[in-house]
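Please walk through this structure as a set of strand pairings and helix contacts, taken one after another.

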Amino acid sequence: MGNYPLWLMWLVGGIFLAMLELAVPGMVIIFFSLGCFAAAVVAAFVSEIVSVQIAVFCVASVFSLVVLRKVFMNWFQGQTSAKVSGDLEDSPDGALAEASKDFPENGYGQIRYRGSFWKAVADSGQSISAGEPVKIISWVDKRKTAFLVTKSINA
């Protein structure tokens, strides 16, 4: 392995993987970095046998992935709130939008509301064409995945 000690190679590998985690989403590579750091400690202070270092790397990587990933994801993902804040209303009842896809009778269509496209269903099975203005009546379900809309008479 050249003139470099094995612990240094493990350490450099761990630093490289830690920096790679910053470029790749998923929060997985960092745990292999922790495995490298554990192998570096073993190589420096416990054993120069490569198979022991590889075993420590594997065990430490899997252990840290299983035990710490959920904790790390909570730290770095932040917290969410069920309540919408800012200028987005929790219930946009009465808001105007535009149909972006045709609504077949008793079927789902699509509206554009505040720059996003939403699944929607027409009230009373109305037929609505793309481009027509619609008025949002309410959410269709509690999960807030689709709107109930009607044709808007004041465009």
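In this predicted model, strands β4 and β5 make up a hairpin in which six residues lie between the strands, and lysine 144, placed in the turn, has a positive phi of about 60 degrees. The two strands, β4 and β5 (residues 146–151), pair in the antiparallel sense, and five bridges connect them. One of the residue pairs that can be picked out here is tryptophan 139 with phenylalanine 147, the latter being its bridge partner in β5.

On β1 the pairing continues: strand β1 (residues 96–101) runs antiparallel to strand β4 (residues 133–139), and three bridges join them. Leucine 96 has lysine 135 in β4 as its bridge partner, while alanine 97 stands opposite valine 134 in β4. As a reminder for reading such neighbouring positions, the side chains of a regular strand alternate between the two faces of the sheet.

Strand β1 is also joined to β2 by three bridges, again with the strands running antiparallel, and alanine 99 finds its bridge partner in β2 at isoleucine 111. β1 and β2 form a hairpin as well, with six residues between the strands, and in this hairpin asparagine 106 takes a positive phi near 55 degrees. From β2 (residues 108–113) the pairing goes on to β3 (residues 116–122), an antiparallel arrangement with six bridges, in which glycine 109 has alanine 120 of β3 as its bridge partner.

What do these strands form when they are followed in order? Five strands close into a barrel, in the order β1-β2-β3-β5-β4, and the pairing is mixed. From one strand to the next, the twist averages 55 degrees.

The helices can be taken next. The axes of helix α1 (residues 6–23) and helix α2 (residues 29–45) come within 8 Å and cross at roughly 165 degrees. Because an angle over 145 degrees counts as roughly antiparallel, α1 is roughly antiparallel to α2. The crossing in which α1 passes α2 is left-handed. On the α1 side, the residues that meet α2 include Trp7, Trp10, Leu11, Leu17 and Glu21, and on the α2 side those that meet α1 include Ile29, Phe32, Cys36, Phe37 and Ala44. Sorted by kind, the residues of the contact of α1 with α2 comprise 17 nonpolar, three polar and one charged.

Aromatic rings give a further view of the model. A pair of aromatic rings is described by the distance of the centres and the angle of the planes. With ring centres required to lie within 6.5 Å, the count comes to six aromatic pairs. Among them is the pair of phenylalanine 32 and phenylalanine 57, which is tilted, with 6.4 Å from centre to centre and 40 degrees between the planes. This pair links distant parts of the chain, since phenylalanine 32 belongs to helix α2 and phenylalanine 57 to helix α3 (residues 50–77), the two being 25 residues apart.

Key:
Residues are numbered from 1 along each chain as its sequence is written. This is a predicted model: local features need pLDDT of at least 70, side-chain atom pairs count only at pLDDT 80 or more; totals for chains, interfaces and linings use all residues. Side-chain values use heavy atoms; hydrogens and water are left out. Two strands pair if DSSP finds at least two bridges between them. Helices (H or I, at least four residues) and strands (E, at least two) are DSSP runs, numbered from the N terminus. Axes are lines fitted to C-alpha atoms, for helices over the stretch in contact, and angles run from 0 to 180 degrees between N-to-C directions. Angles under 35 degrees count as roughly parallel, over 145 as roughly antiparallel, 65 to 115 as roughly perpendicular and the rest as oblique. A crossing is left-handed if the near helix is turned anticlockwise from the far one by less than a right angle, and right-handed if clockwise. Contact means heavy atoms within 4.5 Å. Ala, Val, Leu, Ile, Met, Phe, Trp, Tyr, Cys and Pro count as nonpolar, Asp, Glu, Lys and Arg as charged, and the others, Gly among them, as polar. Rings of Phe, Tyr and Trp (its six-membered ring) pair if their centres lie within 6.5 Å; planes under 30 degrees apart count as stacked, over 60 as edge-to-face and the rest as tilted.
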